[in-house]
Amino acid sequence: MEPNKQRSYLRDALTVLSTPGSPLADQYVSKFTRWDTRASVRVKPQRLLTVPDTGQLYFPPELMPVVAHPLVSSKPNAVTERILAQRLHQYLYFTTELEQVAVMPVTMNISRGRAGLELPAAMRDDAFKITTDEAWHAQFSDDLSRQVERQTGFEACVPDHLSFIGRLDKIRGAMDHDLRGAADLAFSIVSETLISSILSDLPRDRRLPTAVRDLVQDHAEDEGRHHAYFRTLLDFFWQELAASERNRIGPLIPDLITAFLEPDYLAIALTLGDAGFSIEEAAEIISESYPADDTRTAIGKSSRATVRYFREVGALDSPLAHEAFEAAGLITAD
C-alpha cells in the first residue's frame, strides 16, 4: 500500500475503532469529562505564603531522615529548619523537572498522534488536558519555591541535574536503539502511577504552611485523574508491543521504578552542605540515614500498585522480567 493511502487507511480505521461500542474505545473511560470545572489550572487560585507561625516546618521531618541523625539533631533548631526548607525546594524542583522533562514530552506526542500507539480519539484529547495540567504543576511549583526564598531569606539549593534524569538517561542509553522511545513511554507510566501515593500525606500535615498543603492537594487531585489515564495507557502500550519487545522491556521496568523512587543522594548532600556540614560529614549522615536494605524495602512498598499494574498486563510473565522484579525487591520470591 502506498504511504499516503496507508496513512489515510490508518486514520479511517482508528476513527471506526474509536467509535462507541468498539472494543478499543470500551477500554477507555475518560476521567476528564469535568476537567473544565475541576482541574486546578482552571479553578484553583495561586497559593500564597502567609507570615509563618512560630516553629513552622516547611517539610515533614519524617520524610527527610537526615534530620534525625545525631550530627544534625545536635545542632541548633535553625539547622533542621533550613534543611527542611531546602527539602521543600528540592521537592518542588523535582516536580517541575519531572513534568517538563519526563511527562509533558510524552503527553504532547500522544496528543499529536505521534507516540507510536493507536489510541482512541478521547485519549488523545485527554493527553492535551494532561499536558496543560503538568505545565501548571511545573509553574506553580516554581512560583512557590520563589516565595519560600523570599520568606526565608536564603536561596534554593538544588543540583543542576536531578539524579532521576541521569538514571533514566543511563537506562535509555543501555537499551537497544529501537526501544528508547518505549522507555520514555514506560517511564511516564511508572512515574504517573507512583506519584499519587507520594502526594497523599502532605496536605494533611498541619505543621506545614497552608500554601504548601493546598498546593500539594491541588496537585494530588489532578494526579488522581492522571493515574487512571496512565493505568489505561499501560494496557494499550503493552498490547501493541511485539513479543520480542516485551521480552526486552520487561526486565528494565524495575530499573525505571528504582530510578524514580531512589533518594537523590546528591541533592541531599547539597542540602547538608548548605547547612554547614563538610563533604565527609554529609557522606556519613547520608550512609547512616539511608541504609541500603531500608531503602530497598521502602521502594518495594511505594511501588506495589505500579508493580501490580505491570503484572496484570503480563509484563512479569517472562522469566527474565520476573527475576528482575525479584532482584530489585519489588516482589517476593515465589
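Where is H69 placed, between which two helices? Select it and you land in the loop between helix 4 (40-43) and helix 5 (70-73); helices here are DSSP runs of H or I, at least four residues long, numbered from the N terminus.

Before moving on, a word on the model. This is a predicted model, where local features need pLDDT of at least 70 and side-chain atom pairs count only at pLDDT 80 or more, while totals for chains, interfaces and linings use all residues. Residues are numbered from 1 along each chain as its sequence is written, and side-chain values use heavy atoms, with hydrogens and water left out.

**Stop 1: H69 and E288.** H69 is buried, at 6% relative accessible area (buried is under 20%, exposed over 50%, partly exposed in between, with a 1.4 Å probe and protein chains only). Show side chains: H69 makes a polar contact with the side chain of E288 at 2.7 Å (a pair of N or O atoms within 3.5 Å; within protein, one must be able to donate a hydrogen and the other to accept it, and residues adjacent in sequence count only if both atoms are side-chain atoms).

Stop 2: E284 sits in helix 14 (residues 279-289) and is partly exposed at 36% relative accessibility.

**Stop 3: S278.** Now pick S278, in the loop between helix 13 (265-274) and helix 14. Draw a distance from its C-alpha to that of L316: 44 Å, for residues 38 apart along the chain.

**Stop 4: R47 and D214.** Time for salt bridges (a side-chain nitrogen of Lys or Arg within 4 Å of a carboxyl oxygen of Asp or Glu); the structure holds 20. Select R47 and D214, whose side chains meet in one at 3.8 Å, N to O. R47 lies in the loop between helix 4 and helix 5 and D214 in helix 10 (residues 210-240), so the pair ties together parts 167 residues apart in sequence. R47 is buried at 18%, whereas D214 is partly exposed at 27%.

**Stop 5: R248 and its two partners.** Which residue forms a salt bridge with R248 at 2.7 Å? Click D176. D178 is in the loop between helix 8 and helix 9, 70 residues from R248.
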